Amino acid sequence: MTQPHKNDASTQTTPAGDEPANELQQTFKGLLQCIAGIALPTHIAFLSIFAWCKVDLLAFVNVLSCACFVAVFFLARRNQINLALAMTGIEVVGHAVLASFVIGWASGFHHYVLLVLPVLVMSNLRPLWVKAAATLAVAMSYLGLDLLLRNSTPPHQLPLPVQDGLHYFNIFGTMLIMVFLAGVYYFLINRANEALRSKTQDIDNMLQNMPQGVLTVTRGNVIHAEYSAYLETIFETRDIARRDLMDLVFANTSLDANALSQVQAAAESCIGEDRMNFAFNAHLMVQAFDRTMPDGRVKSLELSWSPICDRHDTVEKLMLCVRDVTELKRLEKESQARKRELEIIGEILAVSQEKFNEFIESANQFIDDNRRLITQAGEKRTDIVNLLFRNMHTVKGNARTYALLYLTNLVHVTEQAYDDLRKKDDAPWDPQALLAQLDELQTMVARYAHINDVVLGRKGPGRRGQVEKFLMVDKDQLHRALGMLAEVDTDDQLAMRSVMVHLGRTLNMVGTEPMEEVLIGPLGALPSLAAELGKQAPAVHIDDHGIMIRTQISGLVSNLFTHLLRNAIDHGLEPASEREALGKPAQGRIHIDVSVEDNRLQIRLTDDGRGLPLAKIRQRAIAQGLLPEDAPHDPQDIAQLIFRSGFSTADQVTEVSGRGVGMDAVRGFLQREGGHIEIRFLDDQTDADFRPFETLISLPDKFAASLDAAMSFEALRARVQALNAAQRGTSAQAQ
């Protein structure tokens with residue numbers, strides 16, 4: 001059994017778009033096979049005649065011709081159309097010319113040369129002048145042969161009957177082939193016209209039914225009469241054909257005059273020029289804009305520009321595709337809102353319910369405080385602006401601590417407005433604009449709170465709540481104290497005193513939490529903060545000596561350490577490579593020590609970084625006119641400059657630091673609660689550029705508690721009275 005050839009037409013698949021070309025190929029295939037089938041027996045007859053007449057040269061040539069047509073037949077069958085056509089043309093012309101020279105012009109073989117003329121006309125030879133030149137060359141060659149051979153005597157003279165027979169046969173054969181070629185040409189023309197009509201109909205159907213606006217722009221930016229029907233839906237008018245492009249498409253849009261003039265100039269300059277000119281001006285072609293319709297609706301439109309070029313690559317027209325993406329933009333906006341809400345949910349879930357509610361309460365307090373300051377200030381005042389900035393900087397620091405990114409970014413915008421007021425003397429004091437920013441910020445805070453309370457169902461103060469309403473004590477300690485009260489012998493004064501002392505200690509721990517719990521937010525933000533600064537997250541050690549922090553001050557302590565820890569990482573601790581070069585471990589270390597001394601709660605913060613940059617602080621202070629240049633300065637006085645509002649040693653302003661507000665905010669917060677902060681050096685190198693130091697935070701000891709501290713009956717009664725007084729004060733404020 002014969003295996004089909006891989007190029008056989010029966011094994012090939014043709015895309016639907018190539019169907020006319022496939023039909024044309026099949027037509028030529030059948031035509032060539034038919035010609036080969038007729039030519040083969042004809043040339044066998046010629047071979048017999050020339051052999052009988054002893055014209056050996058032509059007999060041999062006809063043997064070659066028979067082999068040629070056998071090859072043409074199989075080439076056509078294998079779809080080698082171009083090669084088969086070339087072999088057929090060479091054989092016909094070569095055989096005709098050679099026979100005319102050998103047996104004379106009267107044999108009529110020269111008529112086959114004329115077949116080249118219609119074949120050239122029917123061919124797709126390009127460009128046109130090449131086809132005309134080839135046709136003229138063939139015609140002139142034929143006339144030359146006619147002049148040369150018509151009256152000449154051939155080398156071989158055939159018998160007259162044979163010569164006449166060949167003459168009339170060749171005339172008939174030439175006419176028959178001419179008629180056949182005319183029929184094929186007519187068939188091809190009809191097929192081409194049919195294909196053209198089909199394509200035209202398809203394009204028209206597409207223009208009428210596609211949900212996209214398509215138009216072409218001709219010279220003078222005039223819209224062609226043919227356009228897609230959907231354009232009428234997009235622009236809500238039937239008056240489209242032959243209108244000016246700028247009037248139809250770009251009227252009442254969000255584009256400014258400069259963009260409109262660029263589009264108009266670019267479109268006009270592209271038509272009639274090389275395609276490359278379009279490529280150079282493509283960036284001026286507007287891709288999207290909003291259009292206001294007559295009834296006030298706004299549509300979002302997207303444009304796509306393409307050049308329509310002739311065979312010389314010259315732009316004849318511009319094709320413009322218009323898409324109405326209004327609904328898509330709306331859905332995209334809704335999707336973005338959903339995505340943003342999911343991201344906010346993720347941010348909220350990463351924060352405990354208790355800490356999140358503390359943050360919301362604190363943020364609202366700072367916003368309300370800023371609103372009050374703006375409302376009461378009649379004009380721009382430096383102290384008011386500094387306080388506004390300090391409050392907002394703290395809100396941003398807390399938001400960054402809990403990784404509330406959307407809120408952080410919005411707070412940053414408000415903070416930047418205050419920073420401009422601080423640094424620019426000509427910045428106007430616009431209370432309405434400042435209040436509008438606070439409204440926007442408070443709306444975002446309310447959105448976070450709504451998602452937490454309603455969507456996540458975490459409404460309420462959480463585990464601890466407000467100290468004035470909810471108090472916290474270890475459950476096991478409370479059970480032990482109640483057990484001791486139940487079992488104590490009331491007649492034994494010593495036992496009663498012991499139980500009361502234990503109960504006093506337990507009550508003393510009501511409403512407290514360990515330092516590590518207070519700082520859970522700022523400490524949790526250290527890894528991301530360190531990564532942002534290109535440093536390794538430090539190791540933090542807290543030595544609290546069993547001292548607990550009252551919950552009414554824990555929010556303040558958390559706010560303080562938001563600034564202090566950020567400063568320690570940014571200004572104190574070196575990058576890992578620098579630390580290793582100095583012989584230090586790559587990971588920095590921060591130590592927090594809590595103690596009670598002289599009726600004060602003392603919190604000390606140290607790190608193993610480079611120390612306080614006294615030389616840089618002094619240089620920056622002299623540059624700002626805060627210190628005289630030549631006078632000697634005490635290191636302690638220089639250190640105090642870091643608490644000055646607006647003072648910073650950072651080389652550039654970032655979202656982390658550089659605005660000169662961190663330490664100023666720390667001191668301001670402490671002063672409100674009767675506390676203070678100071679810098680204490682840990683060495684005696686008074687002339688060193690960098691000196692190790694500790695930051696000492698001091699607060700009244702009423703904000704500290706310890707289970708190991710004994711409490712007398714008098715102290716217990718004072719503690720109970722203080723709690724009752726605080727509760728009565730809270731009730732009075734609520735009324």
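Colleague: Is Phe74 buried, partly exposed or exposed, and how do I read that?

Modeller: Look at relative accessibility. Phe74 has 44% relative accessibility, so Phe74 counts as partly exposed. Keep in mind that this is a predicted model.

Colleague: Where is Phe74 found?

Modeller: Phe74 is in helix 2, which covers residues 56-77.

Colleague: Which residues make a nonpolar surface patch with Phe74?

Modeller: Val70 and Phe73 do. With Phe74, they make a patch of about 240 Å².

Colleague: Now Asn370. Is Asn370 buried or exposed?

Modeller: Use the cut-off again. Buried means under 20% relative accessible area. Asn370 has 0%, so Asn370 is buried. Asn370 lies in helix 12, residues 353-376.

Colleague: Which residues is Asn370 in contact with, leaving aside its neighbours within four places in sequence?

Modeller: The contacts are Leu387, Leu388, Asn391, Met392, Tyr418 and Leu438.

Colleague: On to strands. In what order do the 5 strands of the open sheet stand?

Modeller: Read across the sheet: 7-9-10-14-12. The pairing is mixed.

Colleague: Why is one side of strand 7 and of strand 12 left without a neighbour in the sheet?

Modeller: Strand 7 (539-543) and strand 12 (676-681) stand at the edges. Each has a single partner strand, so one side of each has no neighbour in the sheet. Direction ignored, neighbouring strands of this sheet are turned by 20° against each other on average.

Colleague: How many bridges join strand 9 to strand 10?

Modeller: There are 8 bridges. Strand 9 (residues 589-597) and strand 10 (residues 600-607) run antiparallel. Take Val596: its bridge partner in strand 10 is Leu601.

Technical notes
Residues are numbered from 1 along each chain as its sequence is written. This is a predicted model: local features need pLDDT of at least 70, side-chain atom pairs count only at pLDDT 80 or more; totals for chains, interfaces and linings use all residues. Side-chain values use heavy atoms; hydrogens and water are left out. Helices (H or I, at least four residues) and strands (E, at least two) are DSSP runs, numbered from the N terminus. Buried means under 20% relative accessible area, exposed over 50%, partly exposed in between (1.4 Å probe, protein chains only). Contact means heavy atoms within 4.5 Å. Two strands pair if DSSP finds at least two bridges between them. Axes are lines fitted to C-alpha atoms, for helices over the stretch in contact, and angles run from 0 to 180 degrees between N-to-C directions. Patches are made of residues with over 30% relative accessible area and no salt bridge: like charges are joined within 9 Å, nonpolar side chains (Val, Leu, Ile, Met, Phe, Trp, Tyr) within 5 Å. Accessible areas come from the Shrake-Rupley method with a 1.4 Å probe; for residues, only the protein chains shown count as cover. A salt bridge is a side-chain nitrogen of Lys or Arg within 4 Å of a carboxyl oxygen of Asp or Glu.
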